[in-house]
Amino acid sequence: MSRKVYLETFGCQMNVLDSELVMGQLLARGYETTSDRESADVVLYNTCSVRERAEQKVWSRLGEMKQTDQLVGVMGCMAERDGTDIYRKFPHVDLLCGPGELDKLPAMIDNHFVTDASGRQTALMGANVRRSSTKAAAEDNLELLDLSRAVSPGDDVKQSYVRITRGCNKFCTYCVVPYTRGPEVHRPPSNIIDEVKKLADAGSIEVTLLGQTINHYAFDHGDGRTTTFADLLYEIHEAVPHLPRLRFVTSYPRDFTDEALQAMRDCERICRYLHVPAQHGDNRVLKAMNRGYTIEQYYDFIDRAYAYMPDVAVASDFIVGFPTETEDEFQTCKDVIRRARFKNSFIFKYSPRPGTVAIDRFADDIDDATKKRRNNELLAVQQEVADEVHQALVGQTLEVYVEGESKLVSKRQNNGVELGAGFRKQTDAVQLVARTRGDHIVVFDGDPSLKHSLVDVTVEKAKGLTLFAKKAHGFSGGSPATSDHALTHA
Ligand code: 5AD
Ligand code: SF4
């Protein structure tokens, strides 16, 4: 009987992809996947270290586990950062595996059973070693994991991630990523294109390219040629004409070339969506964060982006309560949201992380109540701006990808509570949740069979971060590659 694996993922999209790749390798070795932790033979947590809260969730998961006959593995950034501390606190953890060693994890698990290594603890970490080891060795490691991706018929690949760069060289003072994921390594463009093609052949509707500072992508072919991020976008767009949506995250505000903006403007299947974290609005704080740009340079990028694509949707991240942040300095973040017209922002309270420069250099001197208030104030401003950005879409017909049924409404329906505005009580229609090409959330009533397809909808109302729409007549979805229907960029 095959062994069952329970795998829970925390944190970013990079982790979601890593989990998928590890699970793919385990399935190929004959393991099965299960969503029931209790009955699993192997329990894996793919962890995040970016903020303390993310780590606490994993601590509590590990604390809950009483069974001793399961193989317990902690993979990802916490395994790399916290290392043997995890073993000390949780002796029932058997395996630790950092994000740069995941290609070896399936063999480690196999080995554990074959050699009956119960009671023995094994750790594979190496991001910091890799920083000083040869670049070629790091690249080999990276490729082994990503190349292992096997797409089988029937796999759910509608929305997929493809890594183009691993690691980060920026060293923002608050951030653990350069330590946990190691140095920036770019994948060969031919391998990226093959992977995107494979996914599109298997029915992918949307591929999201992943990189921590994705616009820094530059692959040196070793013969004087370099493939830039803009080149890569053009090449994928041309080589995979049957992929309806190509998007990417996360952009770094500096070094985003005009060529890359032109690629977004000129290639109709590239989504006009930019997630480009500003982090702060004040130059002194940006400097203390080691972000490497001034707010004027940030605005210069935003202005260029809107000049190329007046309809581009832009999202940001902010950190409030960074050490020494004054009230006036905090207020500048509000100006950034208004000036850059973000459709949404992810706002975080500063969390001191062991191993980073900021924790050594600064006391965490903004109390939690102040951080919370600043977080709420910034959210309120973002809400106002989001309202305006979303209102401007009312009346437009947009192509959306239907992700599934709206849980909230289905639940309300079950409880017999009155349904949301615009909901018609039809037995065959449910409220569906979808995304525009600009990543706006749309809800509309439709047949459940529309799930996982592209549909045209007309926006009737906007409220907060949600667009309320109705299905447009005439066109019922389909790939732009097979239809001459004009695409509407949200
Ligand atoms: N504290 C709070 N937020 C952080 N982020 C990264 N490190 C920290 C930290 N130590 C936020 C940044 C980043 C996002 C992924 O997480 O805004 O863009
Ligand atoms: Fe962290 Fe800065 Fe790199 Fe983003 S750019 S991953 S915030 S170090």
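Reader: Which residue in β20 is the bridge partner of T397?

Author: T458 in β20 is the bridge partner of T397. This is a predicted model, in which local features need pLDDT of at least 70, side-chain atom pairs count only at pLDDT 80 or more, totals for chains, interfaces and linings use all residues, and side-chain values use heavy atoms, without hydrogens and water. Residues are numbered from 1 along each chain as its sequence is written, while chains are lettered from A and ligands numbered from 1 in the order in which they are written.

Reader: What makes β17 and β20 a pair of strands?

Author: Strands are DSSP runs of E with at least two residues, helices are runs of H or I with at least four, and both are numbered from the N terminus. Two strands pair if DSSP finds at least two bridges between them. β17 and β20 (residues 454-463) have 5 bridges, so they count as paired. Their sense is antiparallel.

Reader: How do you know that β17 also pairs with β18?

Author: There are 5 bridges between β17 (residues 397-405) and β18 (residues 430-436), and the two strands run antiparallel. Within this pairing, Y401 has R435 as its partner in β18, and G404 has V433.

Reader: Which strands does β21 pair with?

Author: β19 (residues 441-446) and β21 (residues 466-471) are joined by 4 bridges in the parallel sense. β20 and β21 are joined by 6 bridges and run antiparallel. L467 of β21 is the partner of V442 and also of A462. β20 and β21 form a hairpin with 2 residues between them, and G464 in the turn has a positive phi of about 55 degrees.

Reader: What makes a residue part of the shell around ligand 1?

Author: One of its heavy atoms must lie within 4 Å of the ligand. Residues around ligand 1 include V50, Q279, D317 and F348. β15 (313-320) and β16 (344-349) each supply at least two residues of this shell.

Reader: How many residues around ligand 2 are nonpolar?

Author: The shell has 7 nonpolar, 2 polar and 2 charged residues. Cys and Pro count as nonpolar, so C168 and P178 belong to that class. R291 is charged under the rule that takes Asp, Glu, Lys and Arg.

Reader: Why is the contact of R166 with D18 called a salt bridge?

Author: The rule asks for a side-chain nitrogen of Lys or Arg within 4 Å of a carboxyl oxygen of Asp or Glu. The distance from N to O is 3.9 Å, so the pair qualifies. R166 is in strand β8 (residues 165-166) and D18 in helix α1 (residues 13-28), 148 residues apart. By this rule the count is 42 salt bridges.
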